[in-house]
Structure formats: C-alpha cells, structure tokens
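These are my notebook entries on a single chain. I set down what I looked up, entry by entry.

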Amino acid sequence: MLRLLVLSFLFPSAVLHAAQEAPVQDPPAPVAAQEPQEHPMAREAREQRALMEVLLADKKTKLKSYVSKKARLRVHSDFKSSRGPKEALKATEEVLQAMLWGLGAHDASEEKTWLRDDHPMELYLIDDEELYFRIIDLLSEHSAIYRPYLQSCKQGTGFTLYPAQLSVYFHNVKVQAEARLDHSIAHNAAHLELHRRYGFTPLPIAEAIACAAEELALGEIWANWYRDGFVYAVSHDGWRGSDTQLALKKHGLDDYWAYPAKPYDDAMAHLGFAWAIYALEAEPQALHRLLRAIQTEYDAHPEQGGLYRISPEHLAELVDEAFGPELQARVRDYWKKVPKAPKISKLRS
Ligand SMILES: [Zn+2]
C-alpha cells in the first residue's frame with residue numbers, strides 16, 4: 001500500500017515530463033481499516049523535506065535561501081550572484097498570484113487535507129553539478145522507490161516531487177542552450193500549485209494551465225514542455241496574438257484533448273493556451289468543475305502513477321460536462337479580438 005501510494009505521487013518533473021514515464025505498479029491493495037494516522041504520502045514528503053533541511057544546514061553546499069514575503073515559498077540556490085534566485089523568487093510569486101487570480105482561493109476537499117499543510121514550496125536553483133548529484137543521491141538513498149526516476153534526472157535539468165512541494169532546477173548547460181531561470185522555476189511552481197489543489201492532471205491540461213499562468217504573470221512563455229530541442233522553433237512572446245488566433249481557426253478543441261503533448265506541437269500548444277486563457281479569464285468556475293472531475297477520475301485509478309492516462313473521448317466528455325455545450329464557439333469568440341491581459345494583482349469576487 002505504502003509503495004503504491006508513494007509511486008502514485010511520484011511524477012516526472014515539469015521540465016522532464018516529456019521524456020519520463022511513471023513507474024509500473026502493482027494493482028491497488030485493499031485499504032486496511034485503521035485509526036487515522038499520518039498519511040504515507042505526507043510522511044514521505046515530510047521526510048524528504050527534512051533531508052533537504054540537513055543539506056541546507058551544511059555550509060559546504062553554499063546554498064543560500066531566499067524567503068518570499070508574499071507567498072509560502074522559498075528559493076534555495078548555490079548561484080554566486082543573488083540576481084538569478086531573486087528574479088526566480090519574484091517571477092514565482094507572480095505566477096502563483098496568477099494561479100490564485102485564475103483559480104480562486106484554494107479549497108481542498110476534506111479527504112485531501114493532508115495535501116493542504118502549510119509548509120512552503122521549496123524551489124532549488126542549482127548551478128554546481130556535484131551538488132545536484134548529491135541531492136539526487138540523498139533523496140534516492142532515502143527511498144528506493146524514487147531511485148530509478150531520480151537517477152535518470154542526472155542527465156536532465158531537474159525534477160519535481162509533488163507531495164513534498166519540492167522542485168529542483170539544475171542549470172544544465174549541456175542540455176539547455178537557452179533557458180530562463182526565472183521562467184523555469186516559476187513554471188514549475190505553477191505545476192506544483194495545480195497539484196496542490198487538484199492532484200495529478202493529464203499533461204495537456206496541466207501544461208496549458210501552467211503556460212497560461214506563466215503568460216498571465218510574466219507576459220511570455222519560456223518553459224513549455226519539450227523545451228529541449230524545440231526552443232528555437234518556438235516564440236516566447238506574442239502568445240496573446242495572431243499565432244493563437246490562427247491555431248483556433250485551424251483546429252477544433254477536440255484536437256487538443258487528443259493531443260498527447262509529446263512530441264511538442266506549436267499549433268497545439270497555442271490551441272491549449274487559447275483554451276486555458278479563456279477558462280481562467282472567462283469561466284473559472286467551469287474550469288474548477290473540470291479539474292475536480294479530473295481529480296475524482298484519478299482517485300478512482302491511482303495505480304496509473306504520475307502519468308495520467310485518460311482517453312481523448314472521455315476527457316472531451318468531462319470538458320463538456322464542466323463547460324456545457326458550444327465551448328469551442330465561445331473560445332473562438334473570445335479570441336476574435338486578441339483579449340487584453342487582465343490585471344491579476346487584485347482578486348476577483
Ligand atoms: Zn510544464
């Protein structure tokens with residue numbers, strides 16, 4: 001049971017999810033009737049955070065912490081200059097504000113209260129490869145279940161452990177010729193926040209929302225999926241513009257629900273962005289209904305682990321139930337004229 005639960009919440013990082021598969025698991029074991037105790041995933045998360053605290057206390061790591069005054073959020077970094085980490089902190093605050101603006105105050109359901117504890121989001125921004133490997137080894141030593149996934153991340157640009165609200169970004173210049181630290185960290189935080197609220201969501205849905213939040217907060221999108229190798233073909237600004245309108249003209253939303261999100265497709269990415277912007281700006285209640293329905297579906301099949309599998313037809317049904325008929329016409333209408341970016345600093349009623 002513990003293994004199952006741990007696995008079910010092990011999920012590839014936002015920056016790596018295109019390349020990673022969730023581990024294969026046993027079918028779910030029956031739940032034993034027991035007195036309420038610490039949820040296994042909550043314990044795992046607490047232990048992982050404790051490990052990282054030990055690391056933070058080790059002066060040799062040269063990790064410096066930056067604490068947000070606005071959000072439950074800390075950035076830890078070994079970068080020599082404080083500029084990058086400070087920019088990342090600020091960008092993350094803004095993206096979280098966009099999530100709050102778009103999704104409203106967080107109301108986790110009763111049975112999910114263990115997800116709702118108040119520890120801050122812990123975002124690591126690592127420059128030194130040795131330290132990055134040490135973090136991976138430390139966490140994989142603690143839990144054999146995580147080892148294969150974590151060790152595979154040594155080749156990449158970081159990983160995210162959702163229940164621990166922990167995301168590690170490694171500035172791997174071997175992989176990424178072009179990257180924006182602030183956007184990368186902030187984008188990962190959008191994924192963490194979405195998970196904190198709704199658990200796992202299918203990749204196209206999660207990406208559309210994370211990219212929309214990134215754009216709402218920062219005006220550009222740098223951290224969309226399959227970034228590695230595709231970044232040169234993708235424009236970072238102007239998502240609120242003609243490319244998005246064109247994608248909406250050429251494709252129906254059903255194309256997007258069927259989009260596996262790998263490999264990356266620029267038109268599909270813009271289509272998903274168009275929908276997510278519409279949903280966040282114009283129909284946040286319907287979006288909330290959809291995400292809750294998706295969460296209910298997932299909870300019925302936790303054995304699928306971190307890679308959420310749902311058929312395009314079924315996802316389209318859930319969207320239809322949440323948004324009602326003629327959603328596509330409404331989204332197209334909304335984008336007929338490029339919608340002006342809203343002010344997200346004040347929350348809506
Ligand atoms: Zn992402």
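**Entry 1: the sheet.** I looked up the strand order and found an open sheet of five strands, S1-S2-S3-S5-S4, with mixed pairing. Strands, like helices, are DSSP runs numbered from the N terminus (E, at least two residues, for strands; H or I, at least four, for helices). Two strands count as paired if DSSP finds at least two bridges between them. The edges are held by S1 (64–67) and S4 (158–161), each with a single partner strand, so one side of each lacks a neighbour in the sheet. I noted that neighbouring strands are turned by 15° against each other on average, direction ignored.

I record here that the model is predicted: local features need pLDDT of at least 70, side-chain atom pairs count only at pLDDT 80 or more, and totals for chains, interfaces and linings use all residues. Residue numbers start from 1 along each chain as its sequence is written.

**Entry 2: the pairings.** I began with S1 and S2, which pair in the antiparallel sense over four bridges. The two strands form a hairpin with five residues between them. Within this pair, I found serine 65 opposite histidine 76 in S2.

I then followed S2 (residues 73–77) to S3 (residues 121–126); the two run parallel and are joined by five bridges. Across this pair, arginine 74 stands opposite glutamate 122 in S3, and serine 77 stands opposite leucine 125 in S3. S3 and S5 also run parallel, with five bridges joining them. I noted that glutamate 122 has leucine 166 as its bridge partner in S5.

**Entry 3: burial of S3.** Are the faces of S3 covered or open? I found both covered: Met121, Leu123 and Leu125 on one side, and Glu122, Tyr124 and Ile126 on the other, are all buried. A residue is buried if 20 or more other C-beta atoms lie within 10 Å of its own, exposed if 12 or fewer, and partly exposed in between, with C-beta atoms placed from the backbone. In a regular strand the side chains alternate between the two faces of the sheet. Because six of the six residues of S3 are buried, the strand is largely enclosed by the rest of the structure.

**Entry 4: H3 against H7.** I turned to helix H3 (residues 83–103) and helix H7 (residues 203–218), which pack at an angle of about 110° with their axes 8 Å apart. Axes are lines fitted to C-alpha atoms, for helices over the stretch in contact, and angles run from 0 to 180 degrees between N-to-C directions. H3 and H7 are therefore roughly perpendicular; angles under 35 degrees count as roughly parallel, over 145 as roughly antiparallel, 65 to 115 as roughly perpendicular and the rest as oblique. The crossing of H3 and H7 is right-handed, meaning that the near helix is turned clockwise from the far one by less than a right angle.

I listed the residues that meet: Ala91, Glu94, Val95, Gln97, Ala98, Met99 and Gly102 in H3, and Ala213, Glu214, Leu216, Ala217 and Leu218 in H7. Contact requires C-beta atoms, placed from the backbone, within 7 Å. By class, this contact of H3 with H7 has eight nonpolar, two polar and two charged residues. Ala, Val, Leu, Ile, Met, Phe, Trp, Tyr, Cys and Pro count as nonpolar, Asp, Glu, Lys and Arg as charged, and the others, Gly among them, as polar.

**Entry 5: H6 against H7.** I found helix H6 (residues 181–198) packing on H7 at an angle of about 130°, with axes 9 Å apart. That makes H6 oblique to H7. Their crossing is right-handed. The contact is made by His183, Ala186, His187, Ala190, His191 and Leu194 of H6 with Ala206, Ile209, Ala210, Ala213, Glu214 and Leu218 of H7. Its residues divide into eight nonpolar, three polar and one charged.

**Entry 6: positive phi.** I looked up lysine 62, whose phi is near 60°, a positive value in a residue other than glycine. Lysine 62 lies in the loop between H2 and S1. With 13 C-beta neighbours inside 10 Å, lysine 62 counts as partly exposed.

Glutamate 326, also not a glycine, has a positive phi near 65°. I located glutamate 326 in the loop between helix H12 (312–323) and helix H13 (327–334). Glutamate 326 counts as exposed because it has 11 C-beta neighbours inside 10 Å.

Technical notes: Two residues are in contact if their C-beta atoms, placed from the backbone, lie within 7 Å.
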